Amino acid sequence: MSSINYESITQKDAAHVMQTYGRQPIVLASGQGAVVRDVNGVEYIDCVAGIAVNNVGHCHPRVVDAIRSQAEKLIHVSNLYYTEVQANLAEELVKLTGMERAFFCNSGAEAVEAAMKLARVTTGKTDFIAAERSFHGRTMGSLSVTYKEMYRAPFKPLVQEEIFVPYDNASAMAEAITENTAAIIIEPIQGEGGINVPSEGYLQEVRRICDDHGILLIFDEVQTGFGRTGKWFCKDHFGIQPDIMCMAKAMGGGFPMGGIVAKKGITFSKGQHASTFGGNPLACAAALGSIAAIKEDGLLKRTTELGKYFMDKLRQADIPGFKEVRGRGLMIGLELERNCTEIVDHARKHGVLLNSTSETVLRLAPPLVIDKGQIDRVVEVIEQA
Ligand SMILES: *Cc1c(COP(=O)(O)O)cnc(C)c1O
């Protein structure tokens with residue numbers, strides 16, 4: 001492969017793709033486990049994982065086989081009909097989450113939309129409360145509960161303004177409730193906002209506040225789900241159940257898929273919501289393959305151990321401008337007292353893919369199948385930057 005390939009592909013992109021992404025200057029062609037390869041055959045240890053998507057690693061044989069064998073049988077049918085894979089996946093998710101029923105869609109933003117609609121139709125109320133530095137998606141509803149003004153400003157009016165309270169402050173949450181509040185929506189650990197882990201007791205307190213006021217609690221586990229933090233879902237660290245939970249990202253092992261699960265008695269009735277592709281056979285097969293891989297490879301335990309190992313290594317390392325390491329499992333934020341751009345560039349040139357969630361926070365969210373040798377290499381590259 002020559003770099004002519006790189007030039008022609010990036011030129012084609014520049015000419016024909018809406019230029020919404022600040023892309024890194026590499027063209028990726030293949031991947032296996034925690035490693036991806038570019039069109040020139042250069043390998044990178046992937047600490048981005050499609051932004052917390054490739055939890056089971058790139059092209060996990062379980063996921064590849066599940067997609068291949070399903071694709072030979074049936075790729076798509078309408079939700080006008082039943083399929084075995086969709087029923088099986090719903091049963092599996094309900095078991096894993098302790099919730100009652102699932103609704104399937106195709107992305108995180110759609111999962112948040114579904115949760116917001118379900119909260120409105122369940123409570124008969126209109127308003128939401130969300131946390132500062134939240135990220136819930138880019139569609140009009142999910143954007144309304146997303147904090148960053150840069151994302152919101154060009155698209156107003158949104159569903160609601162005056163919606164945000166400080167994260168990790170339960171009394172601010174309680175004070176924001178009005179007679180119109182339908183639900184609180186929150187990420188149990190904030191992802192895009194900088195890998196912000198709440199203090200002990202905060203989420204339990206939010207749960208109590210919701211119960212006291214008779215409003216719903218929505219957990220957005222789009223980024224924290226499917227083993228990322230060392231449990232199936234992040235809520236399992238805190239011993240509480242939300243009323244509605246959003247999932248997507250890692251759900252399909254890399255295949256686009258989203259969904260919500262909700263507690264007993266909280267459900268859409270006939271005709272209230274729908275999706276053409278939601279719960280499509282190929283996506284459901286991929287999700288079942290990915291869930292099987294997490295179980296068979298023992299990824300929850302591995303993630304807990306490797307997360308500790310990774311965070312300890314980062315704390316012990318000699319990283320210029322080091323401020324703090326925080327996270328759970330392999331959802332790790334490395335905060336620096338300087339801009340991350342140089343480190344991201346340096347790392348890419350030395351075979352490591354990194355991503356920053358804000359100017360000063362590196363988000364380390366590798367595939368959960370990464371090994372210690374690869375983690376050592378990542379820390380070494382960050383140190384040298
Ligand atoms: C990525 C993300 C979303 C949006 O998911 P998309 O699939 O990009 O629409 C929503 N919530 C959280 C917490 C996310 O990390």
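Keep in mind that the model is predicted. Strand β5 is largely enclosed by the rest of the structure, because 4 of its 5 residues are buried. Elsewhere, there is 1 cavity of 30 Å³ or more, and the aromatic pairs come to 5.

**Strand β5 and its partners**

- Start with β5, which covers residues 127–131.
- One partner is strand β7, residues 181–186, and the two pair in the parallel sense over 3 bridges.
- To find that pairing on screen, look for isoleucine 129, which stands opposite isoleucine 184 in β7.
- Strand β6, residues 164–165, also runs parallel to β5, and 2 bridges join them.
- Here the spot to look for is alanine 131, with valine 165 of β6 standing opposite.

- The largest cavity has a volume of about 40 Å³.
- Its lining is made up of 13 residues, and the closest to the cavity centre are Val77, Ser78, Asn79, Gln86 and Gly279.
- Sorted by class, that lining has 9 polar and 4 nonpolar residues, with no charged ones.

**Aromatic pairs**

- Among the 5 aromatic pairs is the one between tyrosine 147 and phenylalanine 164, whose ring centres are 5.3 Å apart; with the planes at 80°, over the 60 degrees needed, the pair is edge-to-face.
- This pair links distant parts of the chain, 17 residues apart: tyrosine 147 belongs to the loop between α6 (140–144) and α7 (149–152), while phenylalanine 164 is in strand β6.
- Are phenylalanine 226 and phenylalanine 233 buried or exposed? Phenylalanine 226 is buried, and phenylalanine 233 is buried as well.

**Charges over rings**

- Arginine 138 puts its charged end over the ring of tyrosine 151, 3.8 Å from the ring centre.
- Lysine 372 does likewise with tyrosine 309: the charged end sits over the ring, 4.9 Å from its centre.

Key: Residues are numbered from 1 along each chain as its sequence is written. This is a predicted model: local features need pLDDT of at least 70, side-chain atom pairs count only at pLDDT 80 or more; totals for chains, interfaces and linings use all residues. Side-chain values use heavy atoms; hydrogens and water are left out. Buried means under 20% relative accessible area, exposed over 50%, partly exposed in between (1.4 Å probe, protein chains only). Two strands pair if DSSP finds at least two bridges between them. On a 1 Å grid over the protein atoms alone, a cavity is a set of points where a 1.4 Å probe fits but cannot get out, and a pocket is an open set with protein on both sides within 12 Å along at least five of seven lines; lining residues have an atom within 4 Å of a point. Grid points are joined across faces, edges and corners, and a volume is the space filled by probe spheres set on the points. Ala, Val, Leu, Ile, Met, Phe, Trp, Tyr, Cys and Pro count as nonpolar, Asp, Glu, Lys and Arg as charged, and the others, Gly among them, as polar. Rings of Phe, Tyr and Trp (its six-membered ring) pair if their centres lie within 6.5 Å; planes under 30 degrees apart count as stacked, over 60 as edge-to-face and the rest as tilted. A charge sits over a ring if NZ of Lys or CZ of Arg is within 6 Å of the ring centre and within 35 degrees of the ring normal.
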